[in-house]
Amino acid sequence: MKYLISFVWVLFFAVVNAQDEDYVSLQDRLKSNIFLKVEASNTDCFVGEPIIVTYKLYSALATESSIIKNPYFDGFDVKDLKGGSDNIASRETVDGVRFDVHTLLKLQLTPRRAGKLTLGALTVRNRVKLVDSRGNEDPILDGVEEGYTLNNGYFTLPVSSVPLTVLVTALPGSAPSATPSQSKGLVGDFKMDVQLSKKLLAPGEQAQLTIMLTGRGDFSKIEQPEIDWPEAADVLAARVDEDKTQKEDGSGYKSFVIPFTINAPGKYIIPSIRFSFFDAQSSRYKTITNIPVEISVVNERGNTTYVPQVSDDENRPIFIGGGIALLVIIAIILVWVNRSKNKRKVVQPVPDQPAATVKNTPVRNNTISVAAALQPATEKMHETGSGFSELLKQGIIQYLRARWNLPANFYSNASLQQAMADKDIPNALQTELLQLLATIDMNMYSGGGTDTDRQGLLNEATLLLHQV
């Protein structure tokens with residue numbers, strides 16, 4: 001009998017303890033329905049290699065939340081990446097429960113030193129509605145045994161994120177050909193495109209050299225690459241444009257648009273531009289370059305005869321005389337070709353009707369004017385984004401199709417060049433039009449450009465279209 005009583009008491013306490021172990025307190029119930037989550041694009045990186053860190057609040061209950069303690073990021077440079085779209089809540093299912101997900105912080109963190117660096121905790125205060133205005137309790141209160149305090153039906157619950165540790169590795173020693181960008185610890189994966197707005201210039205005419213850098217990395221640390229300008233070039237301050245909506249993978253762009261003029265006629269070359277960085281994927285330094293850029297400055301637009309730069313004054317008369325003789329020969333050839341064309345294009349008259357000749361210039365199609373074709377782009381002049389560039393390119397193509405009676409599916413560089421050649425468009429004008437379209441394409445890729453760029457592009461498009 002004694003043993004039977006002992007067994008009953010043991011069984012009783014086991015049942016009670018099991019019930020205690022299954023019981024979930026109100027705090028724990030709420031924390032399983034409201035919690036913070038930290039996402040890092042990388043937790044093992046190099047010094048100078050940016051990572052993207054996002055702090056998100058998950059809530060399956062009606063709650064009012066506010067940040068009461070921001071995280072610390074000792075040893076990091078911090079850039080805020082949160083945009084307007086991040087303010088819109090999304091929906092996710094976790095363990096069968098539907099949660100509203102709010103992005104509280106979205107940051108680019110670039111480590112400044114090696115070692116184990118900590119991403120601090122974010123603390124949020126949540127006011128959870130547990131009793132409505134009619135006195136109805138939320139089902140989460142069912143079976144709660146401990147006491148709790150409500151304020152107008154709200155229960156206050158602070159939640160914090162878990163700190164993360166990032167292992168940061170020092171960069172290896174710079175290569176012998178290291179550039180200033182290497183010594184500043186620029187890490188990522190970049191591509192470079194260098195474009196000239198015009199390759200044929202009149203003395204004193206302004207052109208633009210654009211350096212576009214794309215890829216992944218901390219673009220805020222990129223400085224303008226060094227350029228070996230010709231001595232005759234007068235270079236103005238660069239306009240810098242940087243991606244403000246950097247992607248989750250750290251991709252973006254940065255461009256340098258550098259205006260310049262050259263007063264002295266001649267042929268000039270801007271040597272290859274070098275840009276160096278540390279590639280974290282291959283763990284080595286890389287240097288990327290472009291092909292040299294050639295510029296021709298001539299006395300008259302469309303005149304491809306250049307004035308040589310001769311240092312020996314005694315030989316100068318010989319070159320000048322040769323140039324004059326060459327001009328005379330070219331003029332004679334042009335006159336002979338034009339006469340031959342006119343002879344071939346005479347149309348025989350129909351009896352009792354006056355004879356007619358076909359002119360050497362294309363027949364103008366008046367179905368659309370330059371102003372009408374460019375009007376949509378003009379209306380988008382001061383709006384952000386790439387809409388202006390897209391409409392400007394569409395307007396140019398639309399006008400050329402109407403002007404030259406081209407098919408609706410017309411447009412490629414090759415087809416445009418062929419069309420201009422068929423219409424006897426001067427080579428200089430062909431080059432300018434192709435360069436304009438290339439600049440517009442670059443602006444579309446970079447997201448727009450400044451208002452000054454846009455006005456200049458619109459003016460240039462208007463001028464060129466009036467000349468075709």
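In this predicted model, helix H6 covers residues 387-404. The buried residues of H6 are Phe388, Ser389, Leu392, Lys393, Gly395, Ile396, Ile397, Tyr399, Leu400, Ala402, Arg403 and Trp404. After H6 comes Asn405, which has a positive phi near 55°.

Strand E19 is mostly covered, with five of its six residues buried. Strands E19 and E20 run antiparallel and are joined by six bridges. Across this pairing, Arg274 of E19 stands opposite Thr289 in E20. Four residues lie between the two strands of the hairpin, and in this hairpin Ser283 adopts a positive phi near 55°.

The elements described so far are listed below.

| Element | Residues |
|---|---|
| Strand E19 | residues 274-279 |
| Strand E20 | residues 284-289 |

The largest nonpolar core has 33 residues, of which Leu30, Tyr55, Leu109 and Leu119 touch the most other members. Among the elements that give two or more residues to this core are helix H2 (26-31), strand E3 (51-59), strand E7 (97-111) and strand E8 (115-119). Leaving aside neighbours within four places in sequence, Leu30 is in contact with Leu61, Val128, Leu130, Ile140, Phe155 and Leu157.

Notes: Residues are numbered from 1 along each chain as its sequence is written. This is a predicted model: local features need pLDDT of at least 70, side-chain atom pairs count only at pLDDT 80 or more; totals for chains, interfaces and linings use all residues. Side-chain values use heavy atoms; hydrogens and water are left out. A nonpolar core is a set of buried Ala, Val, Leu, Ile, Met, Phe, Trp, Tyr and Cys residues joined through side-chain atoms within 4.5 Å. Buried means under 20% relative accessible area, exposed over 50%, partly exposed in between (1.4 Å probe, protein chains only). Contact means heavy atoms within 4.5 Å. Two strands pair if DSSP finds at least two bridges between them. The expected span of a helix is 1.5 Å times one less than its number of residues.
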